Amino acid sequence: MSVPTNAAAPPRPELLRIEAVQSGYGEVTVLWGVDLVVREGDITALIGSNGAGKSTLMRTVSGLVRTRAGRLLWRGQDIGQRDPAQMLGMGVALVPEGRRLFGAMSVEDNLMMGAYLRRAPRADLQHDLDQIYTLFPRLKERRAQAAGTMSGGEQQMCAIGRGLMSAPRLLMIDELSLGLSPLLVEQLVEALTVLNREGLTIVVVEQDVVTALELSDNAYVMDTGRIVRNGPSAELLNDPAVRQAYLGALAH
Ligand SMILES: Nc1ncnc2c1ncn2[C@@H]1O[C@H](COP(=O)(O)OP(=O)(O)OP(=O)(O)O)[C@@H](O)[C@H]1O
Ligand SMILES: [Mg+2]
């Protein structure tokens, strides 16, 4: 057997595999058999038009919406149906669309809510909190402020920080940039890049297709509950069909 001399690096191990997953709400089916793989250490982007089912997919992976068919594999193991606390305990954290902070509670209390399932010593939690304050100094300045009175960008930092306080292996962010200024989006992208460089695996749902594809290693395009395209983000960015459908006037 000959050994190829210029073999590409082996693909990174799979952290999450979604296979033929169907789910929905009540009588309504939203996901019609979704396949998606998230590899360890990657940033994976999920894009697609409004109502495509991106948030439903994030909620299904988080255990908030039940899987009706198909399966979820976590590090190669079929994990069956888990509830949100179990998924969080395994290391899957969701930063939900709309952030869902506790508006009357302080920033720091919101951050600490992320750690409610951890049985870590106080010193470890304090260490992680300090890391988040280093990543987002604005949160440190505003640690005692009611989360609901912060700007949209600060709230997004707080929601990401809360997700990080669960010490996740996979951080999923539903709508990273929605409603935020370009400068803030740039800061958030930079923060995610730092976290990823430190080894965190990230899935990001993002309306801004250019931001999504520039930030990520791999991307999936969703339409009406199905994955219609996927591949390395750099390739999708140059894919005429993706440019035509999602970049509108930018297409050429
Ligand atoms: N709680 C719910 N009950 C019933 N139907 C729902 C619920 N949440 C979402 N849906 C429906 O599921 C479909 C997919 O919605 P979902 O929020 O997953 O899409 P999305 O891709 O995240 O859209 P957006 O880009 O607008 O956030 C839509 O038709 C929506 O109306
Ligand atoms: Mg959504």
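## Helices and the α1 segment

In this report a helix is a DSSP run of type H or I with at least four residues, a strand is an E run of at least two, and both are numbered from the N terminus. The model described here is a predicted one.

Helix α1 is followed by Gly63, a residue whose phi is positive, near 85°. Seven of the eight residues of α1 are buried, so the helix is largely enclosed by the rest of the structure. These buried residues are Lys54, Ser55, Thr56, Leu57, Met58, Thr60 and Val61.

Glu97, with a relative accessible area of 33%, is partly exposed.

The domain assignment divides the protein into domain 1 (16-22 + 30-91 + 169-179 + 196-247) and domain 2 (101-167). The C-alpha centres of domain 1 and domain 2 are 24 Å apart, and nine residues of domain 1 are in contact with eight residues of domain 2.

The largest nonpolar core contains 46 residues, and those with the most contacts inside it are Leu111, Leu139 and Ile160. Helix α7 (residues 182-197) supplies the largest share of this core, six residues, and the core also draws at least three residues from each of domain 1 and domain 2. If residues up to four places away in sequence are not counted, Ile160 touches Val95, Phe136, Leu171, Ile173, Leu176 and Leu188. A second, separate core has 27 residues, including Val38, Leu46, Val92 and Val203.

## Helix α7

With 16 residues at 1.5 Å a residue, α7 should span 22 Å, and this agrees with its end C-alpha atoms, which are 22 Å apart. The buried residues of α7 are Leu184, Val185, Leu188, Ala191, Leu192, Leu195 and Asn196. Seen down the helix axis, the buried residues of α7 fall within an arc of 135°, so they line one face of the helix. An α-helix has 3.6 residues a turn, so residues three or four places apart point the same way.

The face of α7 turned away from its buried side carries the exposed residues Pro182, Leu183, Glu186 and Arg197. Among the elements that cover the buried residues of α7 are β3 (43-48), α4 (122-135), α6 (152-164), β7 (170-174), β8 (201-205) and α8 (209-215). After α7 comes Gly199, whose phi is positive, near 115°.

## Thr201 in strand β8

Thr201 is found in strand β8, and with a relative accessibility of 1% this residue counts as buried. Which residues surround Thr201, leaving aside its neighbours within four places in sequence? Thr201 is in contact with Leu15, Val38, Arg39, Glu40, Gly41, Asp42, Arg169, Leu170 and Leu171. Thr201 and Leu15 are 186 residues apart in sequence, yet their C-alpha atoms are 8.4 Å apart in space.

Notes
Residues are numbered from 1 along each chain as its sequence is written. Chains are lettered from A and ligands numbered from 1 in the order in which they are written. This is a predicted model: local features need pLDDT of at least 70, side-chain atom pairs count only at pLDDT 80 or more; totals for chains, interfaces and linings use all residues. Side-chain values use heavy atoms; hydrogens and water are left out. A nonpolar core is a set of buried Ala, Val, Leu, Ile, Met, Phe, Trp, Tyr and Cys residues joined through side-chain atoms within 4.5 Å. Buried means under 20% relative accessible area, exposed over 50%, partly exposed in between (1.4 Å probe, protein chains only). Domain bounds come from an automatic or database domain assignment. Contact means heavy atoms within 4.5 Å. The expected span of a helix is 1.5 Å times one less than its number of residues. The arc is that of the directions from the helix axis to the C-beta atoms.
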